[in-house]
Amino acid sequence: MRMKILLAFVLSVGLSVASAQELEIFSWWAGDEGPALDALIELYEAQYPNVVVENATVTGGAGVVARAVLKTRMLGGQPPDSFQVHAGEELIGTWVVANRMEDLTWLFEEEGWLDVFPPDLIDLISTDGGIWSVPVNIHRSNVMWFVPENLEAWGVDVPTTWDEFLEVCSSLQGQGVTPLVVGESWTVQHLWESVALAELGPDAYGQLWTGDLSFTDPSVVATWERFGEVMDCTNDDASGLSWQQATDRVVDGDAAFNVMGDWAAGYMVTTLGLEPGVDMGWAASPGTDGVFMVLSDSFGLPVGAPNRDEAIDWLRVVGSLEGQDAFNPLKGSIAPRLDSDLGRYNAYLQSAAEDFANDRQVGSLVHGTAAKESFMSEFATVMEIFLDTGSAQAAASAAEAVAIQTALGR
Amino acid sequence: MRRLTRDRLTAILMLSPSLILLAIFVYGFIGQTLYVSLTNWGRDPAQALALQPRLEFVWFENYARLFSGVLESRFRQDLVNLFFFTTFFIAGSLGLGLVFAIALDRDVKGEGFFRTVFLFPFALSFIVTGTVWRWMLQPQGGLNVLPTLVGLPRGDFAWLTSRERIWTFDWRSLPDITAVVIAAVLVLLTVMAWREGRRGRAATLAAAAALLSAWVATGAPGIELLPFPEGRGFNLALVGIIIAAIWQMSGYTMALYLASLRGVPEELRESARIDGGSELQVYRYVVFPLLGPITLSAMIILGHVSLKIFDLIFAMTGPDLATTSVPALLMYIRAFRANQFADGAAIAMVLLLMVATVIIPYLVTSLRGEVRR
């Protein structure tokens, strides 16, 4: 009898453990970006009240630290149920090639997502073998920020090409204003990809990443030369500034322009309380009008996720119209879905959504879309070689050597 | 064989948990890292993060590439940075610590207060120190504004963002420089052996020194590190990092020195004074020689802190600024951002070797000393 009671007790404990469902979401969204993720999680918890969500964020360094933690967990065979990953090569070149993700094509078909997500974006998260993640937001990399009032005071128009910018540059320097402000290392690379896109055009820019255009091609070397001219118009204390401090320089009137992804709009509108279009203005970075350099965060389903069913439900929420429109206005990004309700977004985001729907789309290098991580990481070394030697040829040769070593485009 | 007494059995039982843990988590993982560093883990993206990566041996290819590969210039700059950082950091911490300790040892008023003030930075983590100093070393503010408080023009040194480089040398001359340094040490040892009257030993040492010098004089045949000149030197951006590190650790060396100074018997100083020694001579001939052992200990401790430095620089200039980077940062980036785990492991092994060359001689001598006692 006593045995039976004990057995019943053990069984009931076992059952109750099994019925308390769990879901672990891994991301690097904390701080300013935390509320957006919380909104998404709240929506999930409202739909699946018996699931306990564990929000595993690892903060710091735009995901540098989080990705390191994720890699050790994956190598140790303990994947989270779903994790944040940049659409593009960071997803494909790191995780899909290593057979660590589950194909989600069936989910896209079931939810009808093939019709609501733009085809260019679906290409970014697909290989011949399937579709591998659910995109949750869209950021634009090639945006130039300024304060319209200040430009008027300095007698300067917004340049639409880098040639125009270089003309404006000397006039601004004469007035003691930094023409273009950059920050720590990755923001300089960020500027490079905008300059390269302008100089090469979207076709040749795309060919760099597929291996069809060599980095030592004269047109690419010319890109580095142009980049050097642009860098001559920047501040000399760059490596000491975070991207927010660089944005502050523009807002404070110490600098005229800043090329940064449109999370800068989120920072200026939400954190600094500026009115978009009045206190701060934007334009496509010079020479890239009509092209949308895209980066996108997405969530995927790792092979061996401990709570696979809950994770699939999570992905349904992430891809739903309701989920995307809850997340993105808070995050300061636009929804990848073309049917999102633009009334919920601010003036900048509405204009970005319009560009996203109409513009040509290309991938960002620095933010994991265009090239595999081994190349992307070593590109920092290429940039150091350029800043150290000032030689376009040396930088081009180094970039080509890295491309060969990391088998870029293959 | 000695009998297994109850006492010995207890001792073995008590020690075994820590021995087993050490064997697995220290020596086991050193072995694992060595193994990984000899493979190609990360070259093929399909294997880099696979659940069961298939690795192939490439033996010492990763090491060879680090020291002579065209693309690995950053690793070599990191090594040079680390050398300069370690030198100035140890010298600065010891010097400043000694000055503080002597000042406090002279019965100043409020000694307890100042001791706490000097020791306090040591209680902070390098991340906190790094963040604070990052702000203070901003070119537009912080330290550069200080002179304006007393009416001087503001400083304009670009601290962490400087790209200036002094004392440049060609990386290809590294074997020559190493050989010359070793030859100089050998000559010194020769002189010492000669003075001690050990002629045979002196002759051997002199021959070795002569051989090395001859090798350098003939243009160091047999080693070609790089096909082209590669300038390396002391990046001035490191100065800010060195200052922050000294700020953090000099209080610690002060505490070590202060304890040691207090251990110098007053009788010794008294007798030196009675013999007519000036205060300077008392320090020069009585106190400083007694500080030798503690200086060595401090150098070892600071040396291994310095060789492993990571968090301070990560907080001050981030992971990508090559002018202030060190091998530990590169190891992290290589392994966990670029997925080149074999490269990361190879850098880790180079770091381990460097720390070992500092620690092992110290351990050997201190163990010998204990046995003698």
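Modeller: Let's start with B:Leu66, which sits in helix 3 of chain B. When I say helix, I mean a DSSP run of H or I with at least four residues, while a strand is a run of E with at least two, and both are numbered from the N terminus. Before going further, a word on the ground rules: this is a predicted model, where local features need pLDDT of at least 70 and side-chain atom pairs count only at pLDDT 80 or more, though totals for chains, interfaces and linings use all residues. Residues are numbered from 1 along each chain as its sequence is written, chains are lettered from A and ligands numbered from 1 in the order in which they are written, and side-chain values use heavy atoms, with hydrogens and water left out.

Back to our leucine. B:Leu66 has a relative accessible area of 1%, so it counts as buried (under 20% is buried, over 50% exposed, and anything in between partly exposed, using a 1.4 Å probe and protein chains only). For a sense of distance, take B:Pro121: B:Leu66 is 55 residues from B:Pro121 in sequence and 36 Å away in space, C-alpha to C-alpha.

Now zoom out to the helix itself. Two packed helices are described by the angle between their axes and the distance between the axes. Helix 3 (residues 61-68) of chain B and helix 4 (residues 73-105) of chain B have axes that come within 6 Å and cross at roughly 75°. Those axes are lines fitted to C-alpha atoms, for helices over the stretch in contact, with angles from 0 to 180 degrees between N-to-C directions. On the helix 3 side of chain B, the contact is made by B:Arg65, B:Leu66, B:Phe67 and B:Ser68, and helix 4 of chain B brings B:Phe75, B:Arg76 and B:Leu79. Sorted by type, the residues in this contact of helix 3 with helix 4 of chain B are four nonpolar, one polar and two charged. In that sorting, Ala, Val, Leu, Ile, Met, Phe, Trp, Tyr, Cys and Pro are nonpolar, Asp, Glu, Lys and Arg are charged, and the others, Gly among them, are polar.

B:Trp59 is exposed, with a relative accessible area of 51%. Most residues other than glycine have a negative phi, and most peptide bonds are trans. B:Trp59 has a positive phi, near 55°.

Another positive phi, near 60°, belongs to B:Asn339. B:Asn339 is in the loop between helix 15 (327-336) and helix 16 (341-372) of chain B, and at 6% relative accessibility it counts as buried. B:Arg337 is found in the loop between helix 15 and helix 16 of chain B as well, and it is buried, with a relative accessible area of 11%. Apart from neighbours within four places in sequence, B:Arg337 is in contact with A:Lys71, A:Glu373, A:Ser377, A:Ala380, B:Asp320 and B:Tyr332.

From the chain A side, have a look at A:Glu378 in helix 17 (residues 373-389) of chain A. A:Glu378 counts as buried at 9% relative accessibility. Not counting residues up to four places away in sequence, A:Glu378 touches A:Val402 and B:Arg334.

Finally, the wider setting. Chain B has 16 helices and two strands, and its C-alpha trace spans about 75 × 75 × 55 Å along its principal axes. Of the 373 residues in chain B, 40% are buried. Among chain B contacts with a separation of 6 or more, 72% join residues 24 or more positions apart.

Note on methods:
Contact means heavy atoms within 4.5 Å.
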